[in-house]
Structure formats: structure tokens, C-alpha cells
Amino acid sequence: MDKLAIFGGKPIRDTYLSYGKQTVDESDIQAVVDVLKGDYLTTGPFVKEFENKVASYVGAKYAVAVSNGTAALHMACFAAGIKDGDEVIVSPMTFAASSNAVLYCGGTPVFADIDPMTYNIDPDGIEAKITNKTKAIIPVDFSGQSVDMDRIKEIADKYNLIIIEDAAHALGSEYKGTKVGSKADMVEFSFHPVKLITTGEGGIVTTNSEKLYKKMMIFRSHGITREKEILNENHGPWYYEQQYLGYNYRLTDFQSALGTSQMNKIEDFISRRREIVKLYNDSFKDLKEIVTPFEAEYSNSGWHIYVIKIKPELLTVTRKEIFEALQAENIGVNVHYLPVYLHPYYRNLGYEKGLCPNAEELYKNMITLPLFPSMSDKDVNDVVTAVKKVIDYYRK
Ligand SMILES: *Cc1c(COP(=O)(O)O)cnc(C)c1O
């Protein structure tokens with residue numbers, strides 16, 4: 001057996017393979033350059049064009065593009081009317097932004113545990129967390145797998161709650177044959193470079209509600225409006241009013257042009273991601289020390305990340321040693337995520353270990369493997385070889 005790189009052996013790769021990466025080609029670059037040479041760098045026509053493109057792709061009536069996905073979640077929480085004293089039910093297996101957005105508005109995140117198969121918030125656990133202060137639910141389509149939205153909607157309808165879907169992982173994913181992005185009251189996507197498409201930094205919220213759309217448009221730009229029908233006063237053509245405490249969360253026109261150009265290729269990106277996932281699944285089929293991702297029958301994921309789970313009972317070491325050994329082989333592994341409430345900031349707010357046992361158990365054993373559209377078959381093969389090499393060594 002080859003010596004592991006962590007013990008001085010030759011690594012599987014000479015160069016480091018990152019876990020995620022954007023795919024930017026000449027047409028993307030040209031699209032950005034064209035805008036830079038034109039009249040509008042911001043608040044021009046390219047933002048609307050991008051918004052329309054994303055809205056029509058996901059099948060929603062409206063979209064509001066903003067400077068990043070976190071701003072998009074903040075905007076959605078604002079539009080939902082989250083304020084001091086309100087509770088919002090959130091998945092713990094997510095990036096901190098999902099629940100930070102609730103805190104920005106003065107609300108209280110209430111974490112409901114995940115389903116141990118899908119890693120998404122378990123609809124069965126949501127109802128037990130509802131109180132008379134609950135205002136909204138933020139389910140997260142973890143790794144790109146859609147949540148069971150029909151079931152979550154049933155609960156939301158019963159208790160009159162707003163659903164803000166954190167679909168940062170799920171642009172292009174499908175739920176029961178329909179693209180994620182039109183079923184929840186508001187759906188947030190992120191365009192960070194590791195996500196499904198990129199604008200550098202960027203985010204968007206899609207909605208079918210004109211009322212929420214208008215509120216978000218105002219929030220994105222300082223809470224200021226010029227719309228005649230809703231002004232309290234009108235001093236003349238120059239007049240605008242600040243009606244809410246908004247922010248400057250605008251996306252630039254050159255970022256929007258990049259986004260529009262990226263949207264032309266999203267189906268290609270996703271089909272390559274699906275191809276790589278199939279290669280991984282097939283290669284790991286007989287490796288009983290790891291669990292490959294489960295996909296529910298209602299979901300058709302676009303695969304933002306590929307997360308495996310190790311079975312510690314079949315290994316001589318823990319996730320930490322497996323992770324370090326893979327890193328030494330030059331494989332860009334990662335962990336998504338520490339359950340949000342275990343971050344020190346949240347612990348200081350009073351959240352305690354043991355709150356969501358399924359999420360904590362998953363965290364102990366999970367490893368994210370590299371996955372991005374421009375990975376070659378050789379890259380994929382390197383990851384597979386490295387995983388097998390490391391597992392072979394640490395097998396009980
Ligand atoms: C990426 C991401 C966000 C938003 O992140 P930004 O970097 O602000 O665009 C929100 N939620 C989840 C689950 C994410 O992965």
C-alpha cells in the first residue's frame with residue numbers, strides 16, 4: 001500500500017484541488033467589459049435584465065438582485081416583517097447567514113433539527129417549535145437538495161407563517177419537477193464564486209408577491225422611494241422619500257452582466273455537476289466506510305456540494321484524521337457546516353449543545369469533497385483515489 005502523504009508519502013496530486021471554483025469564460029469577460037465601457041456601472045438597465053433572467057428561469061414573477069446572498073436574506077426577513085420578539089424557525093445545518101438575517105431584524109432564530117437522511121430541516125420537527133411568536137420559517141436546500149416544500153407549506157399555512165427559502169445551494173435544482181424558486185413566499189439565491197453561478201459577490205430574492213417585491217426594492221436602496229403613488233408628500237420632480245431604514249444593498253451593472261452571461265450556461269454547469277456526482281457515487285458504491293449523499297424522490301439536485309459521511313465504527317480514526325490525510329494528498333476537502341448555534345456568538349446568546357442531535361451527529365462525520373463544473377475526469381479520479389487510499393489505510 002502507498003504511504004499516505006501525511007506520513008511523508010507522495011501525494012495523489014502535485015497541485016491542490018480546491019473544493020469549489022467559478023467557471024468564467026471569454027463571453028463572461030466580454031459581457032463585463034462591455035458594461036464597463038458604457039454609461040452605467042450601477043442602477044442601470046443590466047440589473048433588471050439579470051433579475052428578469054433569473055425570475056423567468058426559476059418561474060417566479062419578480063426578482064430583486066442585491067450585493068450578496070446574506071443581504072438577500074436580510075432583505076427577505078425585513079420584507080417578512082421580522083422584528084423584535086418574533087421567532088423564526090431555521091435549519092441548523094447551514095451557513096450562519098441564514099439565521100444571522102433573523103438577528104439583524106431583532107428576531108430570534110429557533111433551530112429545528114434536520115432529517116438524518118436528507119440533512120434538510122425535518123418537517124416533522126417544525127411544528128413542535130412553533131409558538132405564538134413564530135412568524136416565519138427559513139428552510140435551507142442543503143447541498144442543492146430541495147426541502148419537501150409541500151409539507152413545509154402545509155405547516156406554514158396552518159399557522160400563518162411566511163416561508164423564506166434559503167436556496168443559496170439550489171439555483172437550478174428541482175422539486176417535484178419544478179425549479180426551486182417559486183413555491184416559497186421568498187426564495188434567496190447566492191452568487192458567491194463557489195455557488196451555481198457567480199457575480200463575484202451577489203444575491204437575489206425571487207417572489208410571486210407584488211407587495212413583497214415592492215418592499216424589497218425600497219429596502220435595497222436605503223428605504224427610499226420615488227414612486228408617486230406611495231409618496232406621503234410630493235414637492236416636485238426631484239422629490240424622493242425615505243420610508244424605511246433600508247440599506248445600500250445594490251448589485252452593480254457589471255456584476256449583473258456577468259450574472260446574465262453566467263445564466264446562459266447554468267444548464268451546462270449543472271449537467272457537469274450531476275455527471276461528477278454520478279462518477280463519485282459509482283466509485284464509492286462498494287466503499288462501506290463512507291455514506292454517499294441520499295436524494296429524496298421529490299428532489300433533483302443541481303449539486304452545490306458533495307458531502308460524504310464517514311462511519312467511525314468501521315475506522316480506526318475520526319473525521320479529523322481522515323480530513324487531514326486527504327488534505328495532505330492535495331485534495332481540497334471542507335466541512336459544511338458546524339451547526340450554526342454552536343458558534344461562540346450563538347452560544348453567548350444562550351443556545352446550547354444538544355439542541356439538534358441529528359445535526360451535531362452529522363457534523364462529527366461529514367466531509368465535503370471537491371465539486372465544480374470545470375473539474376476534469378482526472379481531477380475526479382484523483383479525489384476517488386485519494387479517498388480510497390486514506391480509507392484503506394484507516395480501515396478497522
Ligand atoms: C452562500 C450562502 C449564503 C449567502 O452567502 P453570501 O456569501 O452572502 O452570498 C446563505 N446561505 C447559505 C446556506 C449559503 O451557502
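Modeller: On a 1 Å grid over the protein atoms alone, a cavity is a set of points where a 1.4 Å probe fits but cannot get out, and a lining residue has an atom within 4 Å of a point. A pocket, by contrast, is an open set with protein on both sides within 12 Å along at least five of seven lines. Bear in mind that this is a predicted model, in which local features need pLDDT of at least 70 and side-chain atom pairs count only at pLDDT 80 or more, while totals for chains, interfaces and linings use all residues. Residues are numbered from 1 along each chain as its sequence is written, and side-chain values use heavy atoms, with hydrogens and water left out.

Biologist: Which residues line the largest cavity?

Modeller: Met117, Thr118, Tyr119, Phe142, Ser143, Gln145, Pro293, Phe294, Glu295, Ser301, Trp303 and Val307 do. The volume comes to about 80 Å³, where a volume is the space filled by probe spheres set on the points, and grid points are joined across faces, edges and corners. The structure holds three cavities of 30 Å³ or more.

Biologist: What makes up that lining of the largest cavity, by class?

Modeller: Seven nonpolar, four polar and one charged. In this scheme Ala, Val, Leu, Ile, Met, Phe, Trp, Tyr, Cys and Pro are nonpolar, Asp, Glu, Lys and Arg are charged, and the others, Gly among them, are polar.

Biologist: Where does the largest cavity lie?

Modeller: Domain 1 (5-22 + 266-394) and domain 2 (26-263) both give residues to its lining, so the largest cavity lies between them. Those bounds come from an automatic or database domain assignment. The domain centres, taken over C-alpha atoms, are separated by 27 Å. The contact (heavy atoms within 4.5 Å) takes 41 residues from domain 1 and 43 residues from domain 2.

Biologist: Why is Trp303 called buried?

Modeller: Buried means under 20% relative accessible area, exposed means over 50%, and partly exposed is in between (1.4 Å probe, protein chains only). Trp303 comes out at 8%, so it counts as buried. It also has a positive phi of about 60° although it is not a glycine. Most residues other than glycine have a negative phi, and most peptide bonds are trans.

Biologist: Which peptide bond is cis, then?

Modeller: The one from His336 to Tyr337, with omega near 5°.

Biologist: Is Thr43 buried or exposed, and what makes you say that?

Modeller: Its relative accessible area is 57%, so Thr43 is exposed. Its phi is near 50°, a positive value in a residue other than glycine. Thr43 is also one of the residues lining the second largest pocket, along with others including Lys48, Glu51, Arg220 and Arg250.

Biologist: What volume does the second largest pocket have, and which helices each supply at least two residues of its lining?

Modeller: About 280 Å³. The helices are H2 (45-58) and H7 (210-220); helices are DSSP runs of H or I with at least four residues, strands are runs of E with at least two, and both are numbered from the N terminus. H2 gives the largest share, three residues.

Biologist: And the largest pocket: which residues lie nearest its centre?

Modeller: Thr70, Phe95, Ser190, His192 and Lys195, out of 22 lining residues. The volume of the largest pocket is about 330 Å³. By class, its lining has eight nonpolar, ten polar and four charged residues. Both domains contribute to that lining, so the largest pocket lies between them.

Biologist: What does UniProt list for Lys195?

Modeller: The unreviewed entry lists "modified residue: N6-(pyridoxal phosphate)lysine". UniProt positions are given in the numbering used here, feature names are shortened, and annotations may be inferred rather than shown by experiment.

Biologist: How do you know whether Lys195 is buried or exposed?

Modeller: Its relative accessibility is 15%, so by the cut-off Lys195 counts as buried. Not counting residues up to four places away in sequence, Lys195 touches Ala168, His169, Ser190, Arg273 and His304.

Biologist: Why does Glu165 count as buried?

Modeller: Its relative accessibility is 2%, so it counts as buried. Glu165 lies in strand S5 (residues 162-166). Leaving aside neighbours within four places in sequence, its contacts include Pro139, Asp141, Met149 and Glu188. Glu165 and Met149 are 16 residues apart in sequence and 9.1 Å apart in space, C-alpha to C-alpha.
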